[in-house]
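Reader: I am new to reading protein models. Could you walk me through a few features, one step at a time?

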Amino acid sequence: MNYGEMWNKEEIERAISRANNKSAPGKRGIDYKIIQKLPESYRTSLAKIFNRIWEGEEIPEQWKEAELIFIEKQEKKSLRPISLTNCIGKLMERIVNGRLKNWAEEKRIMSVYQNGFREEYTIPINYEEGRKTRDFDKIQNRGLRIAIEYRTTTPINVMHAEAEMMKIQQRVELLAERYNIRQIARKKSEVNKIIHKTLVNHRNTQGLRKNAMIRAWENTKPLENRIYKREERVIEEWDDHTLLNIISTEEEEGRANEIGIITKENDFWKEEGVSIDNRMSIFTTEAVAISKAIEKAEREHPNKVVIILSDSESVIKAIAKGLGIAWTPAHVGIEGNERADRIAKERTGNDHSVEIKIPEEDLTRNAEEEAWKWSRNANQEEGTYKGIKYFNSRISNNNKKKPWFTAVSNLERKSIVALSRIRANHYNLNESLERKNLVNSAKCECGHGVQDIDHVICQCLVNEEQRRILVNQLESRGFDRGISVLDILKSNQPANLRIIAAFINKLGRTI
């Protein structure tokens with residue numbers, strides 16, 4: 001491409017489609033939403049205006065103006081300035097930037113080790129493991145402890161489970177694997193070639209300790225010819241007018257996805273089961289099932305009309321353009337559908353029997369799931385000797401996908417801190433403090449032998465008036481008198497959590 005040539009409408013269309021329609025406009029008030037709704041004739045005129053500016057090498061004065069506004073920072077003690085500029089001007093800047101990027105890539109101006117701000121690259125893992133990983137661990141754990149104000153005695157695995165935070169070592173492994181999957185999918189990448197050469201040399205070095213990048217490369221390299229990118233088609237074009245019929249089933253833990261293909265001809269049923277790699281998503285499995293049914297129809301019934309029944313509406317919407325593919329709800333008594341479902345389930349547990357390219361996105365998703373699984377298992381295993389009560393309790397957040405407090409909106413930070421300490425079983429009451437030898441006695445000020453959270457909420461006479469109100473509120477919500485606080489928190493119902501948080505705030509003490 002000649003990067004100095006006039007701009008075509010396709011470049012402008014691409015820039016408009018990629019523009020952030022949430023971006024605020026400048027003084028003229030024309031935002032990207034308006035630009036994206038411009039009719040064809042206006043877009044053609046816009047191309048002519050851009051080309052005239054490009055030839056004249058003079059930017060309109062209005063594009064150089066910016067409206068300066070100030071936004072309060074989160075702590076509301078200082079302001080952050082924001083410059084709002086003309087969206088049409090920014091659109092032209094986007095096109096120029098795109099050309100510059102393409103030119104720099106084509107001429108190989110940038111180093112292959114430059115990964116930031118490049119569309120085809122991600123940030124590689126480029127540090128030695130061991131001490132540095134432990135340093136990052138300390139930083140992450142310190143930040144988490146500060147953010148939620150956990151006590152220093154709170155076990156790290158409990159904090160990770162409560163905040164649903166992946167361990168640093170596993171994040172390193174995941175980033176390395178995602179990076180390698182991405183590079184292998186882009187077979188012509190210079191970075192891919194350099195990594196391959198470097199890691200092969202390292203692998204052949206005697207006594208070299210493998211780092212995350214080498215391990216990730218060894219995991220993903222065997223898949224080099226089995227990954228396809230987003231741009232490739234999952235299902236080959238099929239121009240025959242024949243119509244089709246199939247079903248697939250979800251995978252069981254650690255087993256291949258299963259496909260059942262059923263053909264009925266002259267009241268005779270023919271059944272076939274196929275297993276595919278379980279790293280493929282359900283969407284991909286359903287798409288492959290339809291693809292296999294199409295192949296079967298072309299191969300065995302080239303001159304006949306066959307009907308495809310699939311219970312995956314999303315796949316049908318994605319591919320059914322000009323093809324007669326019908327969506328049917330699962331398990332609705334259609335004989336062919338039920339037979340296909342049975343065949344697919346019968347094959348569950350077999351190794352995959354067909355080699356099909358795996359989408360890059362599916363492999364990335366699978367790597368993320370495996371990383372989270374490893375991290376959660378590590379928390380649970382550590383829970384056999386630290387944080388034992390938490391991991392054995394019904395309140396553990398270890399297998400959830402979000403921090404426990406995301407279910408409660410508008411809860412004050414001090415309330416989240418107090419409830420987090422209670423959930424972790426490390427709070428500022430004598431029973432907890434005495435366990436860590438921070439006080440001499442677990443007794444309560446009221447004379448009771450143990451001052452724990454259940455006693456303070458359900459029995460303590462020191463704050464009798466507030467406690468009576470709390471107990472009445474809990475009973476009105478169906479809780480029995482004397483119920484454990486952990487059972488109340490376990491419900492994770494926002495109203496229940498707010499009741500407990502409000503009571504703690506009224507105590508006037510730090511829990």
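This is a predicted model: local features need pLDDT of at least 70, side-chain atom pairs count only at pLDDT 80 or more; totals for chains, interfaces and linings use all residues.

Reader: Which residue forms a salt bridge with Arg178?

Author: For a salt bridge, look for a side-chain nitrogen of Lys or Arg within 4 Å of a carboxyl oxygen of Asp or Glu. Here the partner is Glu368, with the closest N and O atoms 3.7 Å apart. Because Glu368 sits in helix α14 and Arg178 in helix α8, the pair ties together parts that are 190 residues apart in sequence. Glu368 is partly exposed too, at 29%.

Reader: Where do Arg43 and Glu13 lie?

Author: Arg43 belongs to helix α3 and Glu13 to helix α1, 30 residues apart. Their side chains form a salt bridge at 2.5 Å, N to O. Arg43 is buried, with a relative accessible area of 11%, whereas Glu13 is partly exposed at 23%.

Reader: Which residues of helix α1 are buried?

Author: Glu11, Ile12, Ala15 and Ile16 are buried. They share one side of α1, because they cover an arc of only 130 degrees around the axis. Glu10, Ser17 and Arg18, on the other side, are exposed.

Reader: What do the buried residues of α1 pack against?

Author: They pack against α2, α3 and α5.

Key:
Residues are numbered from 1 along each chain as its sequence is written. Side-chain values use heavy atoms; hydrogens and water are left out. Buried means under 20% relative accessible area, exposed over 50%, partly exposed in between (1.4 Å probe, protein chains only). Helices (H or I, at least four residues) and strands (E, at least two) are DSSP runs, numbered from the N terminus. The arc is that of the directions from the helix axis to the C-beta atoms. Contact means heavy atoms within 4.5 Å.
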